[in-house]
Amino acid sequence: MKYALESAGPNRNELEYVLDYYKDEPEKYKAALFLIENMPGHYSYLGDAIDDYYTDAIDIMRSSLTPVEQRDSLLKLSDAKYLGLDNTIIQDIKIITAEQIIHNIDRAFDEWKNRSYCEHVDFDTFCEWILPYKCVELQQIDSWRDTLSNEFSNDLKQFIFDDETKNSPFRALDLVRNEILRKVKPYGVYTRSGYPMLSASTLKNMTFGRCADYVNLGVLTYRSLGLPVVIDETPIWGRYRAGHTWYVLLGEKGEELPSEWDISSVPGTPFFQYQRIPKVYRNTYSINRERVYYSKHSKLNYPFSLFQKDVTDKYFATSEISFPIDKNKGLVEDYAYIASFCGHNEEWKIIDYGEIIKGKVTFNKMGRNVLYVVLGYDGKRLKGLTEPFVLKSNGEIEFVIPKTEKRHNIDIYRKYYTSENVINMQHRVLGGEIQASNDKTFINATTIYKITDLKYPDKIPIDSVCSYRYWRYVSPNGSYGNVAELAFFDQDSINITGTYIGDNNVYNIHDAFDGDWLTYYDSKEPDGNWIGMDFKQPTRVSYIRIVPRGDDNYIRVGDTYELKIWDGNYWLTVDKRIADDNCLHYKNMIENCLYWIDNKTRGWDERPFIVESNGEITWW
């Protein structure tokens with residue numbers, strides 16, 4: 001408290017006024033202490049510029065532009081008119097008023113004390129799950145409880161609760177959640193879109209955003225109605241370059257119900273059954289004192305949030321793992337870092353730190369079935385302190401140590417692991433046929449090629465010597481079409497084009513001919529679908545390309561690929577080539593060595609892999 005009051009500077013009088021105001025209300029006084037003691041380190045924007053930005057943002061979001069056009073307009077506005085906005089950030093403790101704190105405390109207490117679905121919430125839980133005047137950094141200090149509760153409480157007010165659900169926070173939250181969905185109509189945009197919407201007025205008008213944006217909207221709205229919710233996140237998935245944010249509801253039996261996604265998903269449903277997660281952190285209002293100590297004593301000073309705590313073990317089985325640290329590694333600090341592979345912008349993503357004590361570092365609550373490496377800082381850069389290792393599902397550690405005496409020849413068809421969804425999409429082309437005819441009804445059509453397995457070449461050679469005016473791809477029954485690209489080539493591999501044709505149930509047919517492997521043609525019906533080309537005259541086709549709907553992580557002809565190997569400290573390039581087929585052939589690949597295929601032409605999603613003893617590869 002002493003440090004907080006000193007940090008406030010001239011604003012100290014406002015904070016002391018709050019404490020004096022609640023001196024005869026012990027519980028609210030404790031709540032005020034909690035808010036003020038943990039206020040240093042929380043930041044907001046200062047000045048009129050942020051209000052002007054939000055005004056402009058609301059005008060854009062209320063316009064007739066599409067969500068994507070709004071995103072682009074707001075990004076352009078951010079980079080032109082408001083480029084220096086980040087320079088106006090200031091600590092809340094220096095600008096917050098007594099009136100704002102008192103109003104927030106009184107409103108939070110009113111909801112907590114008067115909502116039947118809050119009976120299970122004790123004071124300590126209330127302080128983190130309902131009370132805070134903000135849920136994320138840089139959120140505007142405004143009357144969000146009033147604004148959002150008025151906007152999204154209609155269904156809750158009108159609902160007639162039965163004896164089973166009258167005390168259920170789950171039932172209340174779902175009513176509010178559906179009202180938000182109905183009124184806001186979320187539209188996901190995952191690229192940069194300007195400064196985030198962090199005022200109550202912009203949040204309720206938000207027409208596009210990331211998961212985190214809609215999580216913020218949900219959490220603030222729920223808390224405005226006394227619902228106990230917090231925000232959890234992972235800094236990076238176990239096999240994906242990015243992280244994820246979601247919210248958690250505290251149920252009436254004390255169970256924590258994660259939402260998986262944002263307001264679009266119901267809390268308490270199965271949580272990412274197939275995803276591997278190295279760490280889960282809970283965003284808190286209270287300061288993590290251990291991280292404060294780290295920030296003051298570390299030389300690297302990695303930007304860990306000071307307002308998070310580790311809750312990984314609340315989600316799944318975890319492990320405590322320790323490693324000896326060689327004192328001759330030349331480290332300039334008593335910390336080591338555990339990282340998981342990222343591959344986009346940074347090779348390894350740091351997810352936690354450990355203090356080196358008596359030549360050993362320990363990492364707690366580590367998620368399993370994930371590839372890790374321990375890194376150390378030598379004053380200039382991070383370098384490996386251990387070999388990469390897999391923390392297996394049973395808690396055992398398996399180091400990735402190359403067996404240089406054992407080599408394998410391998411074929412690489414992708415630069416990324418194959419998800420369940422991609423496999424499902426790939427299998428939808430099995431049984432597909434290329435047919436040709438000189439009759440537009442394809443009566444007595446000739447079957448030129450049939451897909452019997454998934455390892456066909458990028459350009460499928462056609463044996464037919466005949467010329468046909470009409471060529472088509474007939475999808476197998478049950479597939480709904482789902483082909484990303486269909487292309488026809490002459491004997492010189494030059495693309496032949498004509499007029500698109502297809503059955504009456506096909507829509508977005510042009511997406512199969514646009515060169516974009518992330519778009520695809522679809523059909524209203526599962527069976528009897530086809531698309532093709534009318535070349536206007538009999539035409540001989542020598543090659544055909546058929547790309548299944550997928551994630552565009554297949555090897556692509558013409559792209560440049562760099563093969564990298566982990567040498568214990570850094571990634572080294574061992575091969576660089578332009579793909580001439582949809583498969584890369586590599587000879588003498590070292591067994592149990594960590595490799596990485598890096599597409600230098602396009603894409604973000606890339607994962608390292610290990611060559612196994614049978615010559616197969618395992619993606620990590």
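Analyst: Welcome! Buried means under 20% relative accessible area, exposed over 50%, and partly exposed in between (1.4 Å probe, protein chains only). The model is predicted, so local features need pLDDT of at least 70 and side-chain atom pairs pLDDT 80 or more, while totals for chains, interfaces and linings use all residues. Residues are numbered from 1 along each chain as its sequence is written, and side-chain values use heavy atoms, without hydrogens or water.

User: Is Ser340 buried or exposed?

Analyst: Ser340 sits in strand β9, residues 335–344; strands are DSSP runs of E, at least two residues, numbered from the N terminus. Its contacts (heavy atoms within 4.5 Å) include Ile236, Trp348 and Leu371, leaving aside residues up to four places away in sequence. Because its relative accessibility is 0%, Ser340 counts as buried.

User: What distance separates the C-alpha atoms of Ser340 and Trp620?

Analyst: Along the chain, Ser340 and Trp620 are 280 residues apart.

User: Which residue is the bridge partner of Phe609 in β33?

Analyst: Strands pair when DSSP finds at least two bridges between them. Here, β32 (residues 608–611) and β33 run antiparallel and are joined by three bridges. β33 (617–619) is an edge strand, pairing on one side only. Within it, the partner of Phe609 is Trp619.

User: How does Ile401 count, by its relative accessibility?

Analyst: Ile401 lies in the loop between β15 (397–399) and β16 (403–412). Its relative accessibility is 47%, so Ile401 counts as partly exposed.

Conventions. Helix = DSSP H or I, 4+ residues; strand = E, 2+ residues; numbered from the N terminus.
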